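Welcome to my notebook. I have set the entries down in the order in which I looked things up.

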Amino acid sequence: MTADLLENAPDVRPSQQPMAEGAVLLRGFAKSLEADLLAELSDIVAQSPFRHMVTPGGHRMSVAMTNCGSLGWVTDRSGYRYDARDPEAARPWPAMPPSFRELARQAAAQAGFGGFSPDACLVNRYQPGARMSLHQDKDEHDFGAPIVSVSLGLPAVFLFGGLKRADKPQRFRLEHGDIAVWGGPARLRFHGVAPLADGEHALMGRQRINLTFRKAR
Ligand code: SIN
Ligand code: FE2
């Protein structure tokens, strides 16, 4: 089969794949919105560019980050926190576009979490080799709301662990347009991303972008 035929073949992956109780992968859920998402992203990045933040331990993260929404997740030598302002631009983060908010709301509802109203969207940029080590999302005040995580660009291997760091993670391939949602009993599961393999995505080039929607307050 030629590459062209493969690209035009129907997506035979199941449209919803359970990862654990309270956690599901919605395959291709963001695909129809890709043009809008990319246009909004370029506006966001023009106002608050990607930067490599530093962990409290002094480690420069391989993933470059920015945010949109009323709160943005940041890390520096003093710790992890949510901040209403972009510390580099010294002004508020760009607003969360209505299409972002609506996509996150619909994905959460599809996964069984009705009424999701995110106030924070962390934008992660992975270039080849970038990775995210296993962690829990626990800087939010309210663990009642799920995490909604949108993948764009190059495929990645998502590591989805248990409630203890030592639990062996399952591996899921995340492709352009896929959305992972985890909440309820899965809300505090450890997760991460394996080092990004090099490649060229038709729309996004040599990178993967992840949008992580959260209710921080
Ligand atoms: C994160 O946990 O913040 C990022 C997850 C991902 O890039 O898929
Ligand atoms: Fe996370």
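Is Arg81 buried, partly exposed or exposed? I found Arg81 partly exposed, at 29% relative accessibility. My scale here is that buried means under 20% relative accessible area, exposed over 50%, and partly exposed in between, with a 1.4 Å probe and protein chains only.

**Ground rules.** I am working with a predicted model, in which local features need pLDDT of at least 70 and side-chain atom pairs count only at pLDDT 80 or more, while totals for chains, interfaces and linings use all residues. Residues are numbered from 1 along each chain as its sequence is written, chains are lettered from A and ligands numbered from 1 in the order in which they are written, and side-chain values use heavy atoms, with hydrogens and water left out.

**Salt bridges.** I searched the whole structure and got 12 salt bridges. A pair counts when a side-chain nitrogen of Lys or Arg is within 4 Å of a carboxyl oxygen of Asp or Glu. Arg81 has such a bridge with Asp76, at 2.9 Å from N to O. I looked up Asp76 too, and it is partly exposed at 26%. Another bridge joins Glu175 and Arg173, at 2.8 Å from N to O; Glu175 is partly exposed, with 25% relative accessibility.

Next I turned to Glu140 and Arg187, whose side chains meet at 2.8 Å, N to O, in a salt bridge. This pair links distant parts of the chain, 47 residues apart: Glu140 is in the loop between S9 and S10, and Arg187 is in the loop between strand S13 (179–182) and strand S14 (191–193). For the labels, helices (H or I, at least four residues) and strands (E, at least two) are DSSP runs, numbered from the N terminus. Both Glu140 and Arg187 are buried.

**Arg214.** Arg214 lies in strand S15, residues 208–214, and is buried, with a relative accessible area of 6%. Its side chain also makes a polar contact of 2.9 Å with that of Tyr82. (That term means a pair of N or O atoms within 3.5 Å; within protein, one must be able to donate a hydrogen and the other to accept it, and residues adjacent in sequence count only if both atoms are side-chain atoms.)

**Rings.** My search of the whole structure gave five aromatic pairs. Rings of Phe, Tyr and Trp (its six-membered ring) pair if their centres lie within 6.5 Å; planes under 30 degrees apart count as stacked, over 60 as edge-to-face and the rest as tilted. Trp73 and Tyr80 are stacked, at 5.5 Å centre to centre and 25 degrees between the planes. Trp73 is buried at 10%, whereas Tyr80 is partly exposed at 45%.

Phe100 is buried at 0%, and I read 0% for buried Phe213. I also logged one aromatic cluster, formed by Phe158, Phe160 and Trp182.

**Last stop.** Gly144 is in the loop between strand S9 (132–135) and strand S10 (147–153), and is exposed at 57%. Gly144 and Gly184 are 40 residues apart in sequence, yet 6.6 Å apart in space, C-alpha to C-alpha.
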